[in-house]
Amino acid sequence: MKISKLSIVLLGVALVAPFVMYPVLLMKILCFALFASAFNLLLGFVGLLSFGHAIFLGTGGYVTGYLVMNSGLSPLLGILAGTAAAAALGAVYGKLSVKREGIYFAMVTLALAQLMFFVFLQAPFTGGENGLQGIPRGFLFGFIDLSDNLNMYYFVLAIFLFGFWVINRTIHSPFGQVLKAIRENEPRATSLGYNVNDYKWAAFVISAALSGLAGSTKTLVFQLASLTDVHWHMSGEVVLMTLVGGMGTIFGPLVGAAAIVGLQNFLSGGELGNYVHIIMGLIFIVCVLAFRSGIVGEIQKIVKRNFS
Amino acid sequence: MSADYVLETQNLIKEFKGFTAVDDVSLKIQRGHIHALIGPNGAGKTTVFNLLTKFLTPTSGRILYNGHDITSLQSAAIARKGVVRSFQISAVFPHLSVLENVRIALQRKEGNSFHFWKSEKVLDKLNDRAVELLESVGLGNFAGAKTVDLSYGHKRALEIATTLALEPELMLLDEPTQGMGHEDVDVVADLIKKVSKDRTILMVEHNLHVVSKLADQITVLQRGAILTEGDYETVSADPRVQEAYLGVAVEENGA
Ligand SMILES: Nc1ncnc2c1ncn2[C@@H]1O[C@H](COP(=O)(O)OP(=O)(O)O)[C@@H](O)[C@H]1O
Ligand SMILES: [Mg+2]
């Protein structure tokens, strides 16, 4: 009950936010919040640390960008195609990785992502180092002009809400129950008759698809698809967002994404711009050492201690 | 016709890097029996369980379940056929509620375990059956508790309730009373007796008092091989068993 009241307040804030803050920054936060939530589905609810998740974000972006630009696909179809491409890549990569445990899983996902990184670097249709630029946002349903930032914002918000709903539903579904059981005690889940790798794979595909959805949407927001989105730095950033916000919590990735994107935005404008990476690194260390459960996790602990 | 066997192993062998942990073990588990597997630490009892449930792959030998060869099946498939194991360290889902622990087992047969688009509320219809199972092991009052907060004895009872939810034909229990105080040992022993009514149980057990009370048939393992088999009187009278097993047990208790 508490959560749903909080959701309504947050939704209210999200609806008026573009009148107070720069819409493009808000859209960036929403895209990363969705990406981090998708990543958290694996890390927080299945216990799988993927270290190559940027590849799904970036694949969604490239596919959407290319098709919208060159095949004249509508923004909605473009996003659907990007999401489907990320899901398909996730289906293959998931098959190859979910059998591995712990650090080996992280290494396999990183290696597979690097493989695809070089494909995007070399392939003729991705624009190499320059990426795809000037991707048109187009018209939603043929008549809503998305080049207007406010229109675009509400479109992005709708996509975010859809993705976030899917993740929440997944967590609180019969399937989600099995995922939690696997996270808690994998051999026991097996001994109860569950083929755990099949469940991990399905979660991997859902996570990849929603990461792709985030990337596709982001590409339309910035009208750009570039190597930044498939680089391993980006894979690290989503780990950071999730840990800072609180892994395994519903709202943690949103808070983490807002904190990191907001901070980067703040730093890049000022004199500290050159030290962004160092500051991010320090935050990472502090989080791992002192705030294991992240911002939302720590707040939940305080609430529990004082009100129950 | 000879006796009816639920499970049979034929010349089961497991080698780890030149060391033979299970050495030519041919077991026959009679239907309806409580069959105890005993032997000193390191004799290979847990390894036998791991082979039977395919958590380890045998180096050679065959496993027959109701006459069918299940040697090549995978763990989860063996469980779905009705052979369900517990683990030497208690196997629960610590951060799920006690009720959810049992429900996870009941859920499998519902066929909705991949349905990520449905609300978990569809599982509520299993609650009555889950509570029934919890009551049968004396945990009726703990349904809403978080599993980590349970005592060790209660966790083991929960494990049995979860296993029972699958209605297994053959239950494999690995040291169900290990690390328990006297009272808990008796409670769990009575519980095992109670749940053995319509099924077969193979259990590893160190506590000879429990073995004498429960077991219809005993197999003694030593250094991976079967030393002897029989009922409690036969086995406990065997001088080799007294030397190999009881000697060690006495030492252990003294330590
Ligand atoms: N995965 C493994 N790799 C190597 N050796 C193992 C493995 N599992 C068990 N062993 C060895 O096999 C022997 C039998 O172990 P185990 O079956 O656990 O004995 P018990 O359950 O009878 O105490 C021990 O010497 C143990 O060290
Ligand atoms: Mg053992």
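Modeller: Gladly. Let us start with helix H1(B), which gives three residues, the most from any element, to the shell around ligand 1. Keep in mind that this is a predicted model.

Colleague: Which residues make up the shell around ligand 1?

Modeller: They are B:Phe16, B:Phe19, B:Ala21, B:Asn41, B:Gly42, B:Ala43, B:Gly44, B:Lys45, B:Thr46 and B:Thr47. A residue counts as near the ligand if one of its heavy atoms lies within 4 Å of it.

Colleague: What makes the approach of B:Thr47 to ligand 1 a polar contact?

Modeller: The cut-off is 3.5 Å between N or O atoms. A polar side-chain atom of B:Thr47 lies 2.5 Å from an oxygen atom of ligand 1, so the pair qualifies. B:Thr46 also brings a polar side-chain atom, 2.8 Å from an oxygen atom of the ligand, so this pair passes as well. With B:Gly42 the polar atom belongs to the backbone, and it is 2.8 Å from an oxygen atom of ligand 1.

Colleague: How much of ligand 1 does the protein bury?

Modeller: Taken alone, ligand 1 exposes 560 Å², and the protein buries 61% of that. Strand S2 (19-25) and helix H1 (45-52) of chain B are the elements that give two or more residues to the shell.

Colleague: How is the shell around ligand 1 divided by class?

Modeller: It has four nonpolar, five polar and one charged residues. Lys counts as charged, so B:Lys45 of the shell belongs to that class.

Colleague: Now to chain A. Which residues are closest to the centre of the second largest pocket, and how much space lies in it?

Modeller: About 750 Å³ of space lies in the second largest pocket. Of its 29 lining residues, the closest to the centre are A:His233, A:Met234, A:Glu237, A:Gln264 and A:His277. Helices H2 (23-45), H9 (196-222), H10 (232-245), H11 (252-269) and H12 (276-290) of chain A each give two or more residues to the lining. H10(A) has the largest share, with seven residues. By class, the lining has 15 nonpolar, ten polar and four charged residues.

Colleague: Where does UniProt place the feature "transmembrane region" in chain A?

Modeller: The unreviewed UniProt entry lists residues 6-25, 32-56, 76-96, 103-123, 150-167, 238-263 and 275-295. In the model, residues 150-167 of chain A are 100% helix, with end C-alpha atoms 26 Å apart. Residues 238-263 of chain A are 77% helix and 0% strand, and their end C-alpha atoms are 14 Å apart.

Technical notes: Residues numbered from 1 in each chain as written. Chains lettered and ligands numbered in written order. Predicted model: local features only at pLDDT ≥ 70, side-chain atom pairs only at ≥ 80, totals over all residues. Heavy atoms only, no water. UniProt positions renumbered as here; feature names shortened; annotations may be inferred. Helix = DSSP H or I, 4+ residues; strand = E, 2+ residues; numbered from the N terminus. Polar contact = N/O pair within 3.5 Å; in protein donor to acceptor, adjacent residues only side chain to side chain. Areas by Shrake-Rupley, 256 points an atom, 1.4 Å probe, with all protein chains shown as cover. 1 Å grid on protein atoms, 1.4 Å probe; cavity = no way out; pocket = protein on both sides within 12 Å on 5 of 7 lines; lining within 4 Å. Points joined across faces, edges and corners; volume = space filled by probe spheres on them.
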